[in-house]
Amino acid sequence: IVNESGQVIAHPNTQVVFSNQSIHNTPLFAEILGSRDRKWIGGTINFEGIRVISASAPIELTDWTVISELPEQEAYATTRRAARLIPLGILLLIALTSWGFKKMLTGQIIKPLNLLNQGAKQLRSGNLSHRIQIQQADEFGEVMAVFNSMAAELEGQQEKLTHDSLHDAMPGLPNPLLFLDR
């Protein structure tokens, strides 16, 4: 607590009071006097030379002003901690989002594409009876159903071609061309 001339009249360290310490010629006191109603908040350096955040307010019905100080290191500790933790939190969020996106991408896109790819390879190798197990009801499920329909159509055409090549157009008669090859 200081009076209107900047004389310290109360302080946690009684030596400051007994030594008639004054803040009259300090930037802090000039700021307080220049503020509206002696209410001021800002950074300054205290008696011990430590950077502090100070706040002042008048004491009603007196010409005294109370000044409260908090070392900057203590005042900004939470902010500094948050400044370190927030980027870590963001990185964790990005990692979790990336992992989730990878899982979704693998399950919803890559796995169905692999099934279609394997099915196409089966058809290419001549296994026309191969069908893809449809596991989802989306665009990939539709493509898989069309693939299975195409495979069934090809299998049916192949069976018909095989049958027609072995039988004459007359119902049930063997194809005479088969005997010429033997």
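Which residue forms a salt bridge with Glu155? The partner is Arg131, and the closest N and O atoms are 2.7 Å apart.

## Basis of the model

This is a predicted model: local features need pLDDT of at least 70, side-chain atom pairs count only at pLDDT 80 or more, and totals for chains, interfaces and linings use all residues. Residues are numbered from 1 along each chain as its sequence is written, and side-chain values use heavy atoms, with hydrogens and water left out.

## Salt bridges

A salt bridge here is a side-chain nitrogen of Lys or Arg within 4 Å of a carboxyl oxygen of Asp or Glu. The count comes to three salt bridges. Take the Glu155–Arg131 salt bridge again. Glu155 lies in helix H5 (residues 139–166) and Arg131 in the loop between H4 and H5, so the pair ties together parts that are 24 residues apart in sequence. Helices (H or I, at least four residues) and strands (E, at least two) are DSSP runs, numbered from the N terminus. Glu155 is partly exposed at 22% relative accessible area. Arg131 is partly exposed too, at 29%. The classes are buried (under 20% relative accessible area), exposed (over 50%) and partly exposed in between, with a 1.4 Å probe and protein chains only.

Glu72 forms a salt bridge with Arg51, with 3.6 Å between the closest N and O atoms. This pair links distant parts of the chain: Glu72 sits in helix H3 (residues 72–75) and Arg51 in strand S2, 21 residues apart. Glu72 counts as buried at 17% relative accessibility. Arg51 is partly exposed at 45%. Arg36 and Asp37 also meet through their side chains in a salt bridge (3.9 Å, N to O). Arg36 is exposed at 71%, while Asp37 is partly exposed at 49%.

Strands pair if DSSP finds at least two bridges between them. S1 (residues 40–45) and S2 (residues 51–58) pair in the antiparallel sense over six bridges. Thr44 stands opposite Val52 in S2. Ile41 stands opposite Ala55 in S2. The two strands form a hairpin with five residues between them. In its turn, Gly49 has a positive phi of about 80°. S1 has a covered face of Trp40, Gly42 and Thr44. Its uncovered face holds Ile41, Gly43 and Ile45.

S2 and S3 run antiparallel and are joined by seven bridges. Ser56 stands opposite Ile67 in S3. This hairpin has six residues between its strands. Leu61 in the turn has a positive phi of about 65°.

The buried residues of H2 (residues 27–34) are Leu28, Phe29 and Ile32. Seen down the axis of H2, they fall within an arc of 95°, so they line one face of the helix. The arc is that of the directions from the helix axis to the C-beta atoms. These buried residues pack against S1, S2 and S3 (65–71). Contact means heavy atoms within 4.5 Å. On the other side of H2, Pro27 and Gly34 are exposed.

## A nonpolar patch

Leu85, Ile86, Leu88, Ile90, Leu91 and Ile94 make a nonpolar surface patch of about 600 Å². Patches are made of residues with over 30% relative accessible area and no salt bridge; like charges are joined within 9 Å, nonpolar side chains (Val, Leu, Ile, Met, Phe, Trp, Tyr) within 5 Å. Accessible areas come from the Shrake-Rupley method with a 1.4 Å probe; for residues, only the protein chains shown count as cover. Leu88 is placed in helix H4 (residues 77–124). Leu88 counts as exposed at 53% relative accessibility.
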